[in-house]
Amino acid sequence: MIQVDDVRKKFGDQEVLKGVTFEVKKGSISTLIGRSGAGKSILLRHMIGLDEPDKGHIVIDGKDIVGMKTPELNKIRRRFGVLFQDGALFDSMSVSENVAFPLREHRGLPENEIQDVVMQKLDVVGLRRHTQKYPSEISGGMRKRVGLARALALDPDIVFFDEPTSGLDPITRGAIYRLIENTHVDGKITYFLVSHDISGVMAISDEIMMIHDGRIVACGTPDSFRTSSDQVVQQFLMGSPDGPISID
Ligand SMILES: Nc1ncnc2c1ncn2[C@@H]1O[C@H](COP(=O)(O)OP(=O)(O)OP(=O)(O)O)[C@@H](O)[C@H]1O
Ligand SMILES: [Mg+2]
């Protein structure tokens, strides 16, 4: 479904992506892990066409989005849902207005149908009783759930999640992972997550990739990560400050 091929990106003289290559299978839950600052969010921005690589290709369902003109890119983007790291909710809009936003932008639906979809998506994430609140009036976990409802509003083929559980307590984190699993229809919808919550994503992912020093250093099933003898992978799993990954 997604092929990332030799993607390189420099900011000034800092080379953040040094030739990133991996594939995301259609209908899977695939997760990119890596320490803070490894370039996960930047890579995700490239995958949704918000940034252009200096070099390389990003092929989505057979189409290279690198260098693509805006109208054609927008057509592909309409098939995406995105849950941004900071939620990216509109502060001046209520919960239901936030979820309605993509529907108003992309679908010429009558108002009553928009409200039906909004309520259905908010039901899925358990927020039916909070539709009129504003983002500043709800908790961090609830904001993530609104973000998820909005990401699912257009019934996307691919959903990108940037740190869906960061800043949440363990129980809320578990609830978000359960929602991710429950809304994922195997083989139909593709979920791509970016996270450094290794234990959480192990439980729900089909495939895991690890980015380190600008490149993918490991990829495989959660089990293959658990049993990996790669020192970079093991250091990350153990959360050890000692090892090949240096703290800068
Ligand atoms: N627009 C930019 N200009 C310059 N440098 C940038 C820019 N965006 C990101 N970077 C740099 O790219 C590196 C990777 O950032 P990124 O946000 O992708 O990390 P991350 O892996 O998502 O980290 P975290 O887990 O903390 O979210 C950082 O060193 C950051 O300073
Ligand atoms: Mg990030």
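Domain bounds here come from an automatic or database domain assignment. The model is a predicted one. In that assignment the chain has domain 1, made of 2-79 + 157-238, and domain 2, made of 88-152. Between the C-alpha centres of domain 1 and domain 2 there are 25 Å. Where the two meet, 9 residues of domain 1 are in contact with 9 residues of domain 2. Helix α6 (residues 170-183) supplies 4 residues to the side of domain 1 that touches domain 2, the largest share. By class, the residues on that side of domain 1 are 5 nonpolar, 3 polar and 1 charged.

Two sheets can be followed next. Strands of a sheet pair through backbone hydrogen bonds, in either a parallel or an antiparallel way.

One open sheet has 6 strands with mixed pairing, in the order β6-β7-β8-β3-β9-β10. Its edges are β6 (80-83) and β10 (215-220); each has a single partner strand, so one side of each is left without a neighbour in the sheet. On average, neighbouring strands of this sheet are turned by 15° against each other, direction ignored. Gly-81 has Val-159 of β7 as its bridge partner. Helix α5 (residues 140-152) packs on this sheet, where it touches β6 and β7. The direction of α5 makes about 170° with that of β6.

The other open sheet has 4 strands, ordered β2-β1-β4-β5, and its pairing is antiparallel. Here β2 (14-24) and β5 (63-64) are the edge strands; because each has a single partner strand, one side of each lacks a neighbour in the sheet. Strand β4 (residues 55-60) pairs with β5 over 2 bridges in the antiparallel sense. One of the residues involved is Val-59, whose bridge partner in β5 is Asp-64. Helix α1 (residues 40-47) packs on this sheet and touches β1 (2-11), β2 and β4. Its direction makes about 120° with that of β1.

Technical notes: Residues are numbered from 1 along each chain as its sequence is written. Chains are lettered from A and ligands numbered from 1 in the order in which they are written. This is a predicted model: local features need pLDDT of at least 70, side-chain atom pairs count only at pLDDT 80 or more; totals for chains, interfaces and linings use all residues. Two strands pair if DSSP finds at least two bridges between them. Two residues are in contact if their C-beta atoms, placed from the backbone, lie within 7 Å. Axes are lines fitted to C-alpha atoms, for helices over the stretch in contact, and angles run from 0 to 180 degrees between N-to-C directions. Ala, Val, Leu, Ile, Met, Phe, Trp, Tyr, Cys and Pro count as nonpolar, Asp, Glu, Lys and Arg as charged, and the others, Gly among them, as polar.
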